[in-house]
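Please look over the sequence and the structure before reading on.

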Amino acid sequence: MTRKMPKKILCCLLLMLLPFTGCWDATDVKDMVIPLIAGFDYSQGKYIMLLNYPVLGEAKEQSDVLRTEGRSFGESRIDRGNKTSRIVASGDLKGVIIGEELAKRGTEGLFDYLFRFTTLSQTVRLIVADGSAEDIFQVEPKQYRSVGENVLDLMRNSGQNNFIPDENLHRFKINVYTAGFNPVLPVIKIHQQDRIEVTGAALFKNIAWWQR
């Protein structure tokens, strides 16, 4: 005759197995792109998306830039899948830079894309580039490991050093859909080839266009 296992022991064994249930789909950090900032441009009939992310485990290169393009923001995201097999941890994104040409052309499509991106944090900082976002991404700042760190540090201090607000995706969404409110985003520019500085502000009359 077999003895039945006591219920208390069975419960303890089941509880011990619970911590192991979340490990089956774990992804190695080296197989992921963990972006600091993203950039969006419009050039020659195509939308360009850029991601600046740290390169882990590399001694020489501290960060890299992933560039994708397409006739729409959705196509640029598909192009990303053609250029890297790594998972993009979009929830870790800290900032978005909008190129001047795209901002003047109209940002309705961009913000519709960002608002629908459910994994994106609502605290992502929004910035406008004086020129193209891609030019900003090519800067190699001396005092920072990456251009992303440089831009984010500028945004953290912009509210203290000047009167330009530090706008994020959540506040922008509220202001743009509230009558009588117009979002204001900081404008950044390359200074002396290896420095980035805040040079002004961009006033969005509505979600579709802006003026400085």
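Which residues are exposed on the other side of α2? They are Ile78, Gly81 and Asn82, where exposed means over 50% relative accessible area, buried under 20% and partly exposed in between, with a 1.4 Å probe and protein chains only. The model is predicted, so that local features need pLDDT of at least 70 and side-chain atom pairs count only at pLDDT 80 or more, whereas totals for chains, interfaces and linings use all residues. Residues are numbered from 1 along each chain as its sequence is written, and side-chain values use heavy atoms, with hydrogens and water left out.

**Helix α2**

- Helices (H or I, at least four residues) and strands (E, at least two) are DSSP runs numbered from the N terminus, and in α2, residues 73–83, the buried residues are Phe73, Ser76, Asp79 and Arg80.
- These residues lie on the same side of α2 because they cover an arc of only 110° around the axis, the arc being that of the directions from the helix axis to the C-beta atoms.
- The cover over the buried residues of α2 includes β2 (37–43), β3 (46–54), β4 (63–70), β5 (87–88), α3 (100–105) and α4 (108–116).

- Seven of the nine residues of β3 are buried, so β3 is largely enclosed by the rest of the structure.
- β2 and β3 run antiparallel and are joined by seven bridges, two strands being paired if DSSP finds at least two bridges between them; Leu51 in β3 is the bridge partner of Ala38.
- The hairpin of β2 and β3 has two residues between the strands, and Gln44 in the turn has a positive phi of about 55°.
- β3 and β4 also run antiparallel, joined by eight bridges, and Ser63 in β4 is the bridge partner of Pro54.

Notes:
Contact = heavy atoms within 4.5 Å.
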